[in-house]
Amino acid sequence: MKYLKKSTFYLNKLQRFGLYLLFVLILLFETFQHISVEKETYQLTEADKALLANYQITSKSYTFNSTSNKQLKDSIKPFNPNDLSLEDWMNLGFSERQSEIILKYKGIVGGEFTSKEQIKKCYVIDEVKYNELAPFVLLPEQSKLSFIDYSSPKTKIVYKNFNPNDLPQQGWEKLGFSPKQAEIIMKYKQIIGGKFTSKDQLRKCFVIDDRKYAEMKAYILLPEKSKEDEKNEKKQIRKNIQYVKFNPNNYSENDWQRVGFSSKQAASILKYKNILGGQFRSKEQLKKCYIISDEKYLEMEPYVDLPENVNFKSEQTKVDLPKNEDKVAEKIEIKGKFNPNNLNHEDWIKLGFTEKQANTILNFKRSLGGNFKDAKTLKKCYAISEEKFKEIEPYLVFE
């Protein structure tokens with residue numbers, strides 16, 4: 001009985017060695033398989049590497065040939081983008097590198113453009129340029145034989161919040177993409193620098209159509225546009241602004257929007273003007289508007305048609321202070337630090353301001369949404385002179 005019991009559970013030296021060897025082989029096999037999958041998922045082909053190198057050089061600035069845009073528009077004729085050579089793309093206003101990328105992009109989408117939508121998603125063709133070319137492109141808006149082939153509609157995908165930068169290829173497949181589509185998304189991420197910086201950037205991947213993007217959008221943990229995209233858009237807006245001499249007192253909300261402000265900013269500028277009594281009396285007052293940054297003011301200043309610091313007649317504005325109030329109050333002793341957001345009308349008077357000045361400061365605070373953000377914002381209130389601001393600045397706290 002002792003012999004049988006021992007033979008059932010006992011492993012001799014050779015058997016133990018064989019078992020250890022089996023474990024090691026399994027471990028090596030799993031490791032090799034993992035490395036193989038990683039390489040297959042993330043490795044770029046030589047063509048992709050060339051595309052990546054070109055993209056990184058050109059992605060910093062998509063400047064198109066500046067040779068007479070108007071003349072170029074007049075010369076464009078209907079064309080099939082699949083027939084265009086490198087020189088043909090350059091004749092349409094693209095640089096040589098941009099043209100090379102467009103041709104390589106055509107290779108990635110299967111060697112042929114099948115719709116305008118594919119052209120639009122090429123990352124070196126911005127929206128302005130696409131809108132210029134779209135009427136002449138001899139392709140349907142969307143491909144009939146769409147490359148998009150998501151998983152069976154019977155299988156409903158339950159979305160959760162996700163960061164597309166954290167998803168491996170298998171993660172994209174779980175969201176309903178085919179293995180080929182998931183692989184292309186991973187390659188696209190590498191081509192744009194290895195990281196998605198905004199929803200807008202992800203949307204431009206040509207295997208993600210509008211329907212699928214709309215489905216995922218609410219769950220994507222990325223901003224709508226990256227800071228760099230926003231800066232580029234602002235620069236583009238500035239380039240398109242054509243200033244002429246203007247009197248800011250005559251500008252409506254639409255006029256302020258035409259010089260680069262949003263609807264909300266334009267309304268705030270008009271509100272600020274009303275606080276001043278219905279008109280700007282000098283460029284200095286315009287400069288103090290908290291909506292207008294120093295950079296924007298310097299851009300506009302040469303075109304602002306306002307006399308510098310001219311005293312308007314009392315009937316022209318209600319802002320002019322009475323003779324007994326236009327003098328700066330005597331310097332007072334401030335006992336301790338204070339938060340200007342907590343001061344009422346009487347408190348401002350105790351600090352040495354006149355009644356009208358105190359009213360103007362409180363009105364200005366209301367126009368900001370009820371709070372001064374910092375000392376720089378407070379300083380923009382025209383009722384606080386430079387001298388007076390220097391007097392109270394050391395005691396200001398914002399909590």
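This is a guided tour of a predicted model, stop by stop, with a residue or element to select at each one.

**Before you start**

Residues are numbered from 1 along each chain as its sequence is written, and side-chain values use heavy atoms, with hydrogens and water left out. Because the model is predicted, local features need pLDDT of at least 70 and side-chain atom pairs count only at pLDDT 80 or more, while totals for chains, interfaces and linings use all residues.

**The whole chain**

Of the 399 residues in the chain, 39% are buried, where buried means under 20% relative accessible area, exposed means over 50% and partly exposed lies in between, using a 1.4 Å probe and protein chains only. Among contacts (heavy atoms within 4.5 Å) between residues at least 6 apart in sequence, 62% join residues at least 24 apart.

**Stop one: Gln118**

Select Gln118, which lies in helix H7, residues 116-120, and which counts as buried because its relative accessibility is 9%. The side chain of Gln118 reaches the backbone nitrogen of Thr114 at 2.9 Å. That is a polar contact, meaning a pair of N or O atoms within 3.5 Å; within protein, one must be able to donate a hydrogen and the other to accept it, and residues adjacent in sequence count only if both atoms are side-chain atoms. If you leave aside neighbours within four places in sequence, Gln118 is in contact with Tyr105, Val109, Glu112 and Phe113.

Next select Trp172, Ile208 and Met216, which touch the most other members of the largest nonpolar core, a set of 44 residues. A nonpolar core is a set of buried Ala, Val, Leu, Ile, Met, Phe, Trp, Tyr and Cys residues joined through side-chain atoms within 4.5 Å. Helices H6 (96-108), H8 (127-133), H10 (179-191) and H12 (210-216) each supply at least two residues of this core, and the largest share, six residues, comes from H10.

**Stop three: Asn165**

Move to Asn165, found in the loop between H8 and helix H9 (169-174). Asn165 is buried, since its relative accessible area is 17%, and its side chain reaches the backbone nitrogen of Phe196 at 2.6 Å. Beyond neighbours within four places in sequence, Asn165 is in contact with Lys189, Lys195, Phe196 and Leu222.

**Stop four: Ile292**

Select Ile292 in the loop between helix H16 (283-287) and helix H17 (294-300); with a relative accessibility of 0%, Ile292 counts as buried. The C-alpha atoms of Ile292 and Ile269 are separated by 8.2 Å, although the two residues are 23 residues apart along the chain. Not counting residues up to four places away in sequence, the residues that Ile292 touches include Phe261, Ile269, Tyr297 and Lys380.

**Stop five: aromatic rings**

How many aromatic pairs does the count come to? The count is 16, where rings of Phe, Tyr and Trp (its six-membered ring) pair if their centres lie within 6.5 Å, and planes under 30 degrees apart count as stacked, over 60 as edge-to-face and the rest as tilted. Select Phe246 and Trp256, whose ring centres are 6.1 Å apart with planes at 90°, so the pair is edge-to-face. Phe246 lies in the loop between helix H13 (227-240) and helix H14 (253-258) and Trp256 in helix H14, so the pair ties together parts that are ten residues apart in sequence. Both Phe246 and Trp256 are buried. Tyr272 and Phe280 form a tilted pair, at 6.0 Å centre to centre and 40° between the planes.

**Last stop: charges over rings**

Finally select Lys212, whose charged end sits over the ring of Phe177, 5.3 Å from its centre; this term requires NZ of Lys or CZ of Arg within 6 Å of the ring centre and within 35 degrees of the ring normal.

Note on methods. Helix = DSSP H or I, 4+ residues; strand = E, 2+ residues; numbered from the N terminus.
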